[in-house]
Amino acid sequence: MKSSARAVIIGGGVVGASVLYHLAKIGWTDVLMVEKSELTSGSTWHAAGGMHTFNGEANISRLQKYTIDLYREIEALSGQSCGLHPNGGLMLAATEGELDSLKLICSRARYLGMETGMISLAEAALLNPLIDTSHFIGALWRADGGHCDPSGTTHAYVKAARKLGASVERFTRVLSLAQRADGSWDVHTDKGVVHAEHVVNCAGLWAREVGRLVGIELPVLAMEHHYLLTEDIPELKGRDREIVNTTDYAGEIYMRQERGGALIGTYEPHGVVWSPVQTPPDFSMQLLPDDFERLAPYFEVGFRHFPALGRAGIKKAINGPFTFAPDGNPLVGPVRGLRNYWVACAVMAGFSQGGGIGLVLSRWMAHGDPGQDILSMDVARFGAFATPKYTSIKVPENYARRFRLAYPNEELPAARPVRRSPIHDRLVAAGAVMGANFGLEHALWFAPSGTAPAETPTYRRSEAFPVVRAECRAVRAAVGLYETTNYGKYEVTGRGARAWLDRVFASRIPRPGRLGLAPMLNPAGRIVGDLSIACLAEDRFFIVGSGFAEEFHLRWFWESAPPPDVCVRSAASTLAGLSIAGPRSRELVQRLVRGDLSAASFKLFDVRETAVGFAPAILTRAGFTGELGYEVWTTPDYFATLYDELRDAGGDLGLAHFGGRALSSLRLEKGYGSFNKDFRPDYTPAETGLDRFVDFGKAEFAGRAAALAERESGPRRRFVVMELADAEAEVIGYESIVKDGVAVGYVTSGAYGHCIDKSLAAGYVPAALARDGEVFEIDVLGEVRRATVRLAPLIDPAGLRLRG
């Protein structure tokens, strides 16, 4: 065995094999895979081998298409067949909500370049004659997809990687990992020690154990998963091609042809966790005992929807463990605090996603950038809240819903509440309908007295629609109160803080007493953060950003190497906040503050430390509604008192609560984009419009060369807000934006503008078409709507209300 390697990949399943191949392909030929048993011996060998491009996240869908397209390449290079059956995919809808979901997928597909279409049930039956169409109301077909041979595909990756110079050691157990002072690793195995610059955890069922070797507990859990193989089915005899892989939402069933019979699987409610604490070290090429009695009711649904399956005998049952993260997406990327330690695990759909994961991880390792936005797969989307108990509750919930719709207005209940602010119970008493962001409860909207604090899951307008309208109009007319504790918060202190921040952020760093909007770029000049920086003193800064990105940004700060005289720490649990917005907000806050808050004395983006009522606080003249507004930050021990005082002081001013739904509407009326929804690592400063906050005169900041090059050449596309005509539902995200019959862009977010009575969509269109009044079309749940670009804010275009 080699004694050194540039990278050691731990795990010989399809994901590890893909990472090995892609690292070798990118030029890292001195890479080594170690596998404790035979290749594919964990989850890979018993996988059904399905491959598809369906995913609610467009960037993951793109990577899934890359994976499927890649198989021909590795077959040619390796000489090893992947056993491909590229027969496409079919999704069936039995309810109006499911049909809306298919229409949304269809709208998204045009820009993604995926051949997709809504088809009749008669056409669906031609693609799969086993369907009893009486159970369904609609169907969607996609050309990409099918199934492959799991063993053959994994070996094709490995053989192709070996041809490029990579090495593989089977039956080699990793015993421990020790990091050297220079950040490299000693990988101790039962065959000796390998010194590696990088280590990649692709250990699948053993990902937790390989994480524990370096002192981390990854949020990964294995679930038992069953599928059945039937005897030959007469209805399939004589066909010149296989039936199309079929997903049945209502039955929570997937099925495909397997030789002369069929394979049918289910993600049942009340799934069974496998090895909740420790994966057996010698589990290899093994299956788990069948549990027909528990699963019979769920397979019986499949037999009703596909009657020929019920008439066929069961030839074989497969029950094996697969790993999941709490939200069902993979865990990919570097881990904060562990230099050169990478993860690529919890990849349940390995034959749909494995190739794309290998691609982005190899780029990330070689170039410091995954090459595209993968926030939805990034291991940093989970923070300390994702404890083993949290994982043990959320993973079964996700497993049970794998083929159940997740509506855009739906909040899943498992493992909640976990994190609560000091005013959580007060907000609930006021009618708050809560969501969870990074594990923290936050108000979405407030049910009026006598109204149930609940909402019907839907792709369309729910019973919350008129309530959110009232919240928005209360903010515009008087004053509203919104809790901001769920924002990401950081404190940067020390003698070198200003100089370090000046290198990390593309913006000008504000002087004491001022706040500035601060884009953060990666080396490729793409947006990795849209934050605000408040300078409290020359050596003390307070930074606010997106709450979901807290771990992501902490990792970015850590990778940006703060010098010894700079301290960076999260203030997530040490500061809580409230936003007060509306034309009467100054009047309200002034009642609790002794200092002068007049427009001349406390201007837009001013910041001061002051008492607000009883609470010592950081007070900023800022907000996200486009109205005159303030944000108040104090420590948790004062927070409930601060909230009570504001409520008492605002009673005669028309003070109203508002939640996240109202904020989404208010900010789009003003034309504001939001990180994660509208601004992500796929976009550049000029594309987003954040270039107006970039200080191009600075000698050094991350991404400067790329940002300067873009300023010279101009952006390819631009972020715009559009009015939709005659819309009866709002866009969700990633719908195609069409011009003259061609998909030229896509939607990033949407909301109804309650104060202008217009449905609004935000997204990206070619820069040459980003003109005021330019007209596009957007397919909104099967209805084509006229979309007109509005470059000026639709509320207070001159900013007079904002500046107060």
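The legends below describe close-up views of a predicted model.

Local features are taken from residues with pLDDT of at least 70 and side-chain atom pairs count only at pLDDT 80 or more, while totals for chains, interfaces and linings use all residues. Residues are numbered from 1 along each chain as its sequence is written, and side-chain values use heavy atoms, with hydrogens and water left out.

View 1. Helices are DSSP runs of H or I with at least four residues, strands are DSSP runs of E with at least two, and both are numbered from the N terminus. Helix α2 covers residues 58–78, and because its 21 residues should span 30 Å at 1.5 Å a residue, the 30 Å between its end C-alpha atoms agrees with expectation; the expected span is 1.5 Å times one less than the number of residues. A kink of about 30° is centred on L70, the bend at a residue being the angle between axes fitted to the seven residues ending there and the seven starting there. Just after α2, G79 has a positive phi of about 75°. In the loop between α2 and β4 (89–93) sits L84, which counts as buried because its relative accessible area is 19%; buried means under 20% relative accessible area, exposed over 50% and partly exposed in between, with a 1.4 Å probe and protein chains only. L84 and M51 are 33 residues apart in sequence, and their C-alpha atoms are 9.6 Å apart in space.

**View 2. Strands β1 and β2.** Strand β1 (residues 4–10) and β2 run parallel and are joined by four bridges, two strands being counted as paired if DSSP finds at least two bridges between them. Within this pairing, A7 has V31 of β2 as its bridge partner. Strand β2 (residues 31–34) is covered on both faces, with V31 and M33 buried on one side and L32 and V34 buried on the other.

**View 3. Strand β37 and its two partners.** In strand β37 (residues 775–780), F776, I778 and V780 form a covered face, whereas V775, E777 and D779 form an uncovered one. Strand β34 (residues 736–739) pairs with β37 in the antiparallel sense over two bridges, and V738 stands opposite E777. Strand β38 (residues 783–789) also runs antiparallel to β37, to which it is joined by six bridges, and here F776 stands opposite A787. The strands β37 and β38 form a hairpin with two residues between them, and L781 in that turn has a positive phi of about 55°.

View 4. Helix α14 is mostly covered, since eight of its 10 residues are buried: E550, E551, F552, H553, L554, R555, W556 and F557. E559 also lies in helix α14, but counts as partly exposed because its relative accessible area is 39%. The C-alpha atoms of E559 and G337 are separated by 8.5 Å, although these residues are 222 residues apart along the chain. Just after α14, A561 takes a positive phi of about 50°.

View 5. By class, the lining of the largest cavity holds eight nonpolar, four polar and five charged residues, where Ala, Val, Leu, Ile, Met, Phe, Trp, Tyr, Cys and Pro count as nonpolar, Asp, Glu, Lys and Arg as charged, and the others, Gly among them, as polar.

View 6. Most residues other than glycine have a negative phi, and most peptide bonds are trans. The peptide bond from R416 to P417 is cis, with omega near -10°, and P417 lies in the loop between α10 (388–400) and α11 (424–429). N340 has a positive phi near 65° and is placed in the loop between β18 (331–334) and β19 (341–345); at 16% relative accessibility, N340 counts as buried. D726 likewise has a positive phi, near 60°, and lies in the loop between β33 (717–724) and β34, but D726 is exposed, with a relative accessible area of 65%.
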